[in-house]
Amino acid sequence: MVIAIASIGGEISPHFGHSEGCMVYRLADQELIVKEFINNPLAQIKQGLFRQNHSKDNCSCRFFAEFLLHEIQFDVLVTGHIGGTASHLLSRRGVEVIA
């Protein structure tokens with residue numbers, strides 16, 4: 001099982017798309033076998049496109065979800081909040097979203 005936890009400053013991020021990235025835990029036989037951090041490439045954009053023009057089609061959550069799906073295969077995502085489009089995208093790919 002692979003669990004991704006969206007984080008900011010070592011805490012669960014209140015908003016998935018604005019997180020610094022995801023801490024990824026790979027578990028086998030109830031033991032942690034790998035722990036890694038995957039940076040959110042959009043975290044660098046502090047006053048950019050996603051913060052000024054937030055809409056359903058222009059959502060940092062959706063873009064970060066697509067990035068993660070491209071980079072890793074995971075089973076569960078834990079975050080404070082996630083946009084509906086990103087949540088549906090992840091669910092359709094078999095990822096359980098806990099928000």
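**First stop: a helix pair**

Select helix α2 (residues 60–71) and helix α3 (residues 84–92): their axes come within 7 Å and cross at roughly 20°. That makes α2 roughly parallel to α3, a label for angles under 35 degrees. Helices here are DSSP runs of H or I, at least four residues, and strands are E runs of at least two, numbered from the N terminus. Axes are lines fitted to C-alpha atoms, for helices over the stretch in contact, with angles from 0 to 180 degrees between N-to-C directions.

Now show side chains. On α2, pick Cys61, Arg62, Ala65, Glu66 and Leu69; on α3, pick Thr85, Ala86, Leu89 and Leu90. These residues make the contact, meaning heavy atoms within 4.5 Å.

A word on the source: this is a predicted model, where local features need pLDDT of at least 70 and side-chain atom pairs count only at pLDDT 80 or more, while totals for chains, interfaces and linings use all residues. Residues are numbered from 1 along each chain as its sequence is written, and side-chain values use heavy atoms, leaving out hydrogens and water.

**Next stop: strand β1**

- β3 (residues 21–28) runs antiparallel to β1, with six bridges; Ala6 has Cys22 as its bridge partner.
- β5 (residues 76–78) runs parallel to β1, with three bridges; look for Ile3 opposite Val76.
- β2 (residues 11–12) runs antiparallel to β1, with two bridges; Ile8 partners Glu11.

Finish at Gly9, in the β1–β2 hairpin, which takes a positive phi near 55°.

Notes: Two strands pair if DSSP finds at least two bridges between them. Angles under 35 degrees count as roughly parallel, over 145 as roughly antiparallel, 65 to 115 as roughly perpendicular and the rest as oblique.
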